[in-house]
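Student: I have a structure open and would like to learn how its features get their labels. Could we go through some of them together?
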Amino acid sequence: LIQVTQDDDPQKPDFHFRLAELYAEKQRYNFIQARALDQKIFDAQPAQKATLQNQQKKYESDQQKWLLEAVKAYIAATKFKKYELMDEVLVKLAYLLTSVKKEDQAREFFLRLIKDYPNSKYIPDAYLSFAEDYFDKGEMDAALKFYEKVEQFPKSSVYPYAVYKKGWCYVNQGDYKTALETFVGVVRMVQEHRANVNANQAKSLEKEA
């Protein structure tokens, strides 16, 4: 369909997007299969270990192959400026790049999302990505500012996590009183069912806080 469809056809970016989703699914499948062998390889007898390791290498190789194909397909979709799902394309591409430690490339697409689609429902996800990057670098003041930007979207699914991570920013700054208040606030948010996350996520967040 992509080969026979003209670039001015409004359906063409959707074909690229669907292809990217399929490739990304294949990438996730191979990643899961590869990691499922970790414990088996650890427990295996010497005679079996090499066979399992070869299977794992094949899954990891296929994972990388489908990752590259997914990235190429998502990028192809981003070239159609008027595509109605462009914000979703950008955030999924950015998350895919983040998952394989390509944060610098991912930031380019998060920035484009913030700049070109300020009303997108994925804006808090973009802000969170910057907050996490600063947190990982140990820049707590900058991280706090971006976690606070996420707080502007209380209905977002990433809102409770952003509040929780603010608590760790305060811990790292030595402000333990504010950190404690923040963590207590997260617990209350979950218990009062104000966190827009599923039950497992809510339970995990409450436990961590």
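Student: What makes the contact between the side chains of Lys72 and Glu69 a salt bridge?
Tutor: Good place to begin, and keep in mind that this is a predicted model. The N to O distance between the side chains of Lys72 and Glu69 is 3.3 Å. A salt bridge needs a Lys or Arg side-chain nitrogen within 4 Å of a carboxyl oxygen of Asp or Glu, so this pair qualifies. By this rule there are 16 salt bridges.

Student: Where do Lys72 and Glu69 lie?
Tutor: Both are in helix α3, 3 residues apart, which is about one turn of the helix. An α-helix has 3.6 residues a turn, so residues three or four places apart point the same way.

Student: Why is Lys72 called exposed, and why is Glu69 called partly exposed?
Tutor: Set each value against the cut-offs. Exposed means over 50%, and Lys72 has a relative accessibility of 52%, so Lys72 counts as exposed. Glu69 has 26%, which falls between 20% and 50%, so Glu69 is partly exposed.

Student: What makes Lys166 and Glu151 a salt bridge?
Tutor: The closest N and O atoms of Lys166 and Glu151 are 2.9 Å apart, and that is within the 4 Å limit. This pair links distant parts of the chain: Lys166 is in helix α8 (residues 159-173), while Glu151 is in the loop between α7 (140-150) and α8, 15 residues apart.

Student: How do you know whether Lys166 is buried or exposed?
Tutor: Lys166 has a relative accessible area of 10%; buried means under 20%, so Lys166 is buried.

Student: Which residues are linked with Asp133 in a network of salt bridges?
Tutor: The network joins Asp104, Arg107, Asp133 and Lys137. One of its links is between the side chains of Asp133 and Lys137, at 3.2 Å from N to O. With a relative accessible area of 14%, Asp133 is buried.

Student: Why is the pair of Tyr23 and Trp66 called stacked?
Tutor: A pair of aromatic rings is described by the distance of the centres and the angle of the planes. The structure holds 11 aromatic pairs. For Tyr23 and Trp66, the centres are 5.4 Å apart and the planes are at 25°. Tyr23 belongs to helix α1 (residues 12-36) and Trp66 to helix α3, 43 residues apart. Both Tyr23 and Trp66 are buried.

Student: What makes the pair of Tyr95 and Phe110 edge-to-face?
Tutor: Here the planes of Tyr95 and Phe110 are at 85°, with the centres 5.6 Å apart. An angle over 60 degrees counts as edge-to-face, so that is the conclusion. Tyr95 lies in helix α4 and Phe110 in helix α5, so the pair ties together parts that are 15 residues apart in sequence. Phe110 is buried, with a relative accessible area of 1%, whereas Tyr95 is partly exposed at 36%.

Student: How do you know that the charged end of Lys26 is close enough to sit over the ring of Trp66?
Tutor: The charged end of Lys26 is 4.9 Å from the centre of the Trp66 ring, and the distance limit is 6 Å. Lys149 also has its charged end over a ring, that of Tyr127, 5.4 Å from the centre. Tyr127 is part of a cluster linked by ring pairs, together with Phe130, Tyr134, Phe146 and Phe153.

Student: How do you know that the span of helix α5 agrees with its number of residues?
Tutor: Helix α5 (residues 103-116) has 14 residues, and at 1.5 Å a residue they should span 20 Å. The end C-alpha atoms are 20 Å apart, which agrees. The buried residues of α5, including Phe109, Phe110 and Leu113, pack against α3, α4 and α6 (123-136).

Student: Which residues have the most contacts inside the largest nonpolar core?
Tutor: They are Tyr74, Val89, Phe110, Leu113, Tyr147 and Cys169, in a core of 55 residues. Helix α4 (residues 86-99) gives the most to this core, with 8 residues.

How values were computed:
Residues are numbered from 1 along each chain as its sequence is written. This is a predicted model: local features need pLDDT of at least 70, side-chain atom pairs count only at pLDDT 80 or more; totals for chains, interfaces and linings use all residues. Side-chain values use heavy atoms; hydrogens and water are left out. A nonpolar core is a set of buried Ala, Val, Leu, Ile, Met, Phe, Trp, Tyr and Cys residues joined through side-chain atoms within 4.5 Å. Buried means under 20% relative accessible area, exposed over 50%, partly exposed in between (1.4 Å probe, protein chains only). Helices (H or I, at least four residues) and strands (E, at least two) are DSSP runs, numbered from the N terminus. The expected span of a helix is 1.5 Å times one less than its number of residues. Contact means heavy atoms within 4.5 Å. Rings of Phe, Tyr and Trp (its six-membered ring) pair if their centres lie within 6.5 Å; planes under 30 degrees apart count as stacked, over 60 as edge-to-face and the rest as tilted. A charge sits over a ring if NZ of Lys or CZ of Arg is within 6 Å of the ring centre and within 35 degrees of the ring normal.
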